[in-house]
Amino acid sequence: MNETSSANPAMAGSHFSVESDLFRLYIAHACVNVLKMIFVAYYTIFLRKTKSVFLTKEDYVAVYGEEIDMDEVKKKMSTTDADIERTRSCHRNDLENIPAFLAISLLYTMTGPTVEVASLHFRVFTIARIVHTASYLLPLPQPARFICFFVGSLSIVSMAIQTLMLGHL
């Protein structure tokens, strides 16, 4: 079934098929955003390992063995690394925004939007999150990060309002 024109909301069940252009679009953007979020988590691990800055004693023991000086571990645990904290903050921001996108955009696909309109919402959010991550990790000067957050959140708000308008409050 090719869904290049408006979909029939009465056939919402058919949207959850890989034959649906709309659902394939959702799958692609959901995967890109989740993979980006996982990349940031892995990057945090990479920074912790290369800078030898961990959160727990167990992590230090796992890396250096039982013979590590625990006084040195306590000193290291009381310090923070700006790059690691920046990356962790980026990941926390992903955890606040990407699950909302996944939920709202899935509900939005059930309302029967055209592929073109859904694609605009999904692409805006995805591009905003990628640039948001780049602006966090490089870092780019503000207001770059704020603009990316704001634009991405507007995409979610737009889909949520359109979905809510079909509901019965």
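Which residues make the nonpolar surface patch of about 520 Å²? I looked it up: Phe-146, Ile-147, Phe-149, Phe-150, Val-151 and Leu-154. For the record, this is a predicted model, where local features need pLDDT of at least 70, side-chain atom pairs count only at pLDDT 80 or more, and totals for chains, interfaces and linings use all residues. Residues are numbered from 1 along each chain as its sequence is written, and side-chain values use heavy atoms, with hydrogens and water left out.

**Patch**

My patch rule takes residues with over 30% relative accessible area and no salt bridge, joining like charges within 9 Å and nonpolar side chains (Val, Leu, Ile, Met, Phe, Trp, Tyr) within 5 Å. Areas are Shrake-Rupley with a 1.4 Å probe, and for residues only the protein chains shown count as cover. I then picked out Leu-154, which sits in helix H6 (residues 144-165). Helices here are DSSP runs (H or I, at least four residues; strands are E, at least two), numbered from the N terminus. Leu-154 comes out partly exposed at 44% relative accessible area. My cut-offs are under 20% for buried, over 50% for exposed and partly exposed in between (1.4 Å probe, protein chains only).

**Gln-142**

Next I went to the loop between helix H5 (115-137) and H6, where I found Gln-142. Gln-142 is partly exposed, at 45% relative accessibility. Its side chain reaches the backbone nitrogen of Arg-145 at 3.3 Å and that of Phe-146 at 3.1 Å. I list these as polar contacts (N or O atoms within 3.5 Å; within protein, one must be able to donate a hydrogen and the other to accept it, and residues adjacent in sequence count only if both atoms are side-chain atoms). Phe-146 is also one of the patch residues.

**His-121**

Buried or exposed, I asked of His-121? His-121 is buried, with a relative accessible area of 10%, and its place is in helix H5. Leaving aside residues up to four places away in sequence, I noted that His-121 touches Tyr-108, Ser-155, Ser-158, Met-159 and Gln-162. Contact means heavy atoms within 4.5 Å.

**Cysteines**

I found zero disulfides, taking one to be a pair of cysteine sulfur atoms within 2.5 Å. Cys-90 is buried at 0% relative accessibility, while Cys-31 is partly exposed at 41%.

**Salt bridges**

How many salt bridges does the whole structure hold? My search gave six, each a side-chain nitrogen of Lys or Arg within 4 Å of a carboxyl oxygen of Asp or Glu.

Asp-21 and Arg-24 pair at 2.4 Å, N to O. They are three residues apart in helix H1 (residues 21-51), so about one helical turn separates them. Asp-21 counts as buried at 18% relative accessibility, and Arg-24 as partly exposed at 39%.

Asp-83 and Lys-51 meet at 2.8 Å, N to O. This pair links distant parts of the chain, with Asp-83 in helix H4 (residues 82-109) and Lys-51 in helix H1, 32 residues apart. I have both down as partly exposed: Asp-83 at 41% relative accessibility, Lys-51 at 30%.

Asp-94 bridges to Arg-129, with the closest N and O atoms 2.7 Å apart. Asp-94 is in helix H4 and Arg-129 in helix H5, so the pair ties together parts 35 residues apart in sequence. Both Asp-94 and Arg-129 are buried. Salt bridges that share partners bring Lys-36 into one network with Asp-94 and Arg-129.
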